[in-house]
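Dear colleague,

Please find below the structure that I am handing over to you. My notes on what was found in it follow directly after.

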Amino acid sequence: MDDCIFCKIVSGVIPEAKIYEDENALAFLDANPNNHGHTLVVPKIHAKNILDVTEDTLSGIMPAVKKVSKAVFEGMSAAGLNITINNERPAGQVIFHLHIHIIPRFTDDGLKVWTRKTPYKNGEMELVAEKIRAAFHTLM
Ligand code: ZN
């Protein structure tokens with residue numbers, strides 16, 4: 001992907017504050033962090049997001065997600081971590097190369113992650129579950 005900024009980072013064209021690298025994944029600091037130490041793990045193979053990535057590419061980067069999480073937690077003396085993937089624009093995805101956010105959390109750091117709840121009405125929960133279960137048939 002010639003126009004993908006994360007592919008350029010993977011290929012070394014654009015320098016980043018690299019944290020970790022293995023054969024499948026690269027991890028570097030987010031330039032606009034939610035907290036200091038906010039790190040991104042990306043697959044070296046381009047994939048748009050979780051809806052697009054192959055299972056092999058996704059599973060290939062998970063060992064790096066585990067290692068980097070531990071290093072961010074220890075290195076930043078964090079009290080917790082949020083690990084998130086934003087998929088598509090309404091969910092906040094800005095760079096369309098899959099990236100897993102590892103965000104160190106500190107006691108009372110003021111970062112709000114889930115600020116809204118949408119309760120189910122009577123019977124609605126089973127209808128929603130059925131819609132999602134039915135969608136598995138399109139994946140086979
Ligand atoms: Zn890319």
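**Findings**

His46 has a relative accessibility of 24% and therefore counts as partly exposed (buried is under 20% relative accessible area, exposed over 50%, partly exposed in between, with a 1.4 Å probe and protein chains only). The model is a predicted one, in which local features need pLDDT of at least 70 and side-chain atom pairs count only at pLDDT 80 or more, while totals for chains, interfaces and linings use all residues. Residues are numbered from 1 along each chain as its sequence is written, and side-chain values use heavy atoms, with hydrogens and water left out.

**The zinc site**

The zinc ion has Cys4 (SG), Cys7 (SG), His46 (ND1) and His97 (ND1) as its protein donors, at 2.0 to 2.3 Å (donors are N, O and S atoms within 2.8 Å of the metal, or 3.2 Å for Na, K and Ca). Angles of 104 to 116 degrees between the 4 donor atoms make the arrangement tetrahedral (for four donors, all angles between 85 and 135 degrees). Along the sequence, the donor residues follow the spacing C-x2-C-x38-H-x50-H. Cys7 belongs to helix α1 (residues 5-10) and His46 to the loop between β3 (39-43) and α2 (55-75), so this pair ties together parts 39 residues apart in sequence (helices, H or I of at least four residues, and strands, E of at least two, are DSSP runs). Cys7 is buried, at 17% relative accessibility.

**The aromatic pair**

The structure holds 1 aromatic pair (ring centres within 6.5 Å; planes over 60 degrees apart count as edge-to-face, under 30 as stacked, the rest as tilted). The ring centres of Phe6 and Phe28 are 5.4 Å apart and their planes stand at 75 degrees, so the pair is edge-to-face. Phe6 lies in helix α1 and Phe28 in strand β2 (residues 25-29), so parts 22 residues apart in sequence are tied together. Phe6 is buried at 6% relative accessible area, and Phe28 is buried at 2%.

**Salt bridges**

There are 7 salt bridges (a Lys or Arg side-chain nitrogen within 4 Å of an Asp or Glu carboxyl oxygen). Among them, Glu88 pairs with Lys48, with 3.2 Å between the closest N and O atoms. Glu88 sits in the loop between β4 (80-84) and β5 (100-105) and Lys48 in the loop between β3 and α2, so the pair ties together parts 40 residues apart in sequence. Glu74 and Lys70 meet at 3.7 Å, N to O; both lie in helix α2, 4 residues apart, about one turn of the helix. Glu126 and Arg133 form a further salt bridge, at 2.5 Å between the closest N and O atoms.

Kind regards

Conventions
Tetrahedral: all angles 85-135°; square planar, octahedral: opposite > 155°, others 65-115°. Phe/Tyr/Trp six-rings, centres within 6.5 Å; stacked < 30°, edge-to-face > 60°.
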